[in-house]
Amino acid sequence: MIEVSERLKRLPPYLFKEIDRKKEELRAKGVDIIDLGVGDPDIPTPSHIVDAMSEAIRDVKNHRYPAYEGMKEFREAVARWYKRRFGVELDPETEVLALIGSKEGIAHLPLAFLNPGDMTLVPSPAYPVYGISTIFAGAEPVVMPLLKENDFRPTLSDIPQDILKKAKIMFLNYPNNPTSTCVDLDFFKEIVDFASKNRILVCHDAAYTEISFDGYSAPSFLQAEGAKEVGIEFHSLSKTYNMTGWRIGFAVGNSNAIDALGRVKSNIDSGLFQAIQIAAIAALDGDQSCVSEICSIYKERRDLMVNALKEIGFDLIIPKATFYLWIGTPKGLDSQEMTKRFLDVGVVVTPGIGFGKEGDGYVRMALTQGIDRLKEAVERIERIAL
Ligand SMILES: *Cc1c(COP(=O)(O)O)cnc(C)c1O
């Protein structure tokens with residue numbers, strides 16, 4: 001067998017091996033496992049979206065190759081949604097690109113801009129794709145630590161000058177997975193200034209702007225003045241409309257970056273099944289009360305879990321957005337040990353170190369199970385020996 005490429009060899013080690021082994025062992029023993037590990041909504045896609053797909057799939061026009069950049073109607077629906085939701089004007093011709101899920105766009109973007117020796121600035125802890133896509137493009141991810149003492153925001157003044165000279169892209173994600181931190185528009189304004197001064201392309205991953213509580217409304221990076229000159233934003237229907245399996249997202253913002261990403265994609269994939277785009281139009285243009293219903297379900301779960309975990313003695317911040325709890329491990333336990341203790345009582349959480357070294361000392365809990373299962377999880381967590 002021929003050897004795998006250097007880029008595959010450079011992938012960070014798979015940290016969940018031990019956890020997976022233990023999960024399998026418990027399952028084989030017939031233990032009922034409550035999985036709060038994966039960020040995959042348990043609630044189905046709203047029915048008006050499913051109906052739109054159902055109809056579109058019978059239309060033979062949709063059986064052919066779609067347009068690479070996405071249907072004009074889809075790009076227009078995205079522009080309308082951005083205008084309504086954020087007050088941001090987008091040109092559907094040049095500033096919107098359909099993606100096969102936002103992960104696909106995030107993974108391909110570095111191929112459009114990075115040469116060997118270039119650097120990207122990636123937060124840690126973070127969604128692993130930012131660093132991995134950098135490695136796949138032959139470039140070097142440089143960590144911006146997200147620490148509790150800095151409200152899980154990068155400290156821009158800590159980034160050394162020599163790194164700044166080589167850094168071409170900065171990845172950011174607020175509301176944040178895994179820490180559930182939110183930022184305001186002032187933070188994005190600072191980022192715009194920093195990026196234009198240092199000639200860096202900002203890639204903001206906005207997967208969770210719509211999953212928010214307590215009257216909080218998360219800003220778009222593109223609302224910051226000048227943002228379109230320095231960056232793009234990745235969006236996804238996955239979390240907003242419970243459509244993780246459908247694979248649809250989009251990139252918006254700087255037209256040069258959108259064009260470059262589109263050129264990479266047109267040489268790799270051939271666009272998105274039109275029936276899915278038509279369903280997404282129904283989602284974006286339709287009644288948004290389904291989104292508030294989804295948020296109120298997560299809010300009830302959040303309140304139950306946060307109160308219970310605090311009572312048990314865990315350290316955590318009450319999230320204003322996302323469906324994750326970022327839970328500090330007591331007594332300096334490392335995240336893998338803490339994860340094992342959760343597993344011992346049949347509850348799966350994700351060790352923070354899986355999101356980067358700076359995530360150690362935390363576990364992430366996804367609120368992607370119904371309230372009864374969460375109550376059962378609480379009873380089990382109360383039995384964990386701390
Ligand atoms: C879920 C998620 C995504 C990707 O969603 P897609 O399903 O690929 O659109 C991107 N970023 C973060 C931080 C996520 O949690």
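In what order do the 7 strands of the open sheet lie?

1. The order is E2-E8-E7-E6-E5-E3-E4, with mixed pairing. Strands (E, at least two residues) and helices (H or I, at least four) are DSSP runs numbered from the N terminus; two strands pair if DSSP finds at least two bridges between them. E2 and E4 (140-145) are the edge strands, each pairing on one side only. From one strand to the next, the twist averages 25°.

2. The model is predicted: local features need pLDDT of at least 70 and side-chain atom pairs pLDDT 80 or more, while totals for chains, interfaces and linings use all residues. Residues are numbered from 1 along each chain as its sequence is written, and side-chain values use heavy atoms, leaving out hydrogens and water.

3. E3 (residues 119-124) and E5 (residues 167-172) run parallel and are joined by 3 bridges. Leu121 stands opposite Met170 in E5.

4. Helix H10 lies across E2, E6 (201-205), E7 and E8, at about 35° to E2. Helix H4 (residues 72-86) lies across E2, E7 (231-236) and E8 (249-253), at about 65° to E8. Contact means heavy atoms within 4.5 Å; axes are lines fitted to C-alpha atoms, for helices over the stretch in contact, and angles run from 0 to 180 degrees between N-to-C directions.

5. The second largest pocket is lined by 15 residues; Glu69, Leu97, Ile258, Asp259 and Gly262 lie nearest its centre. E2 (96-99) and H10 (255-266) are the elements giving two or more residues to this lining, and H10 gives the most, with 7. A pocket is an open set of points on a 1 Å grid over the protein atoms alone, where a 1.4 Å probe fits, with protein on both sides within 12 Å along at least five of seven lines; lining residues have an atom within 4 Å of a point.
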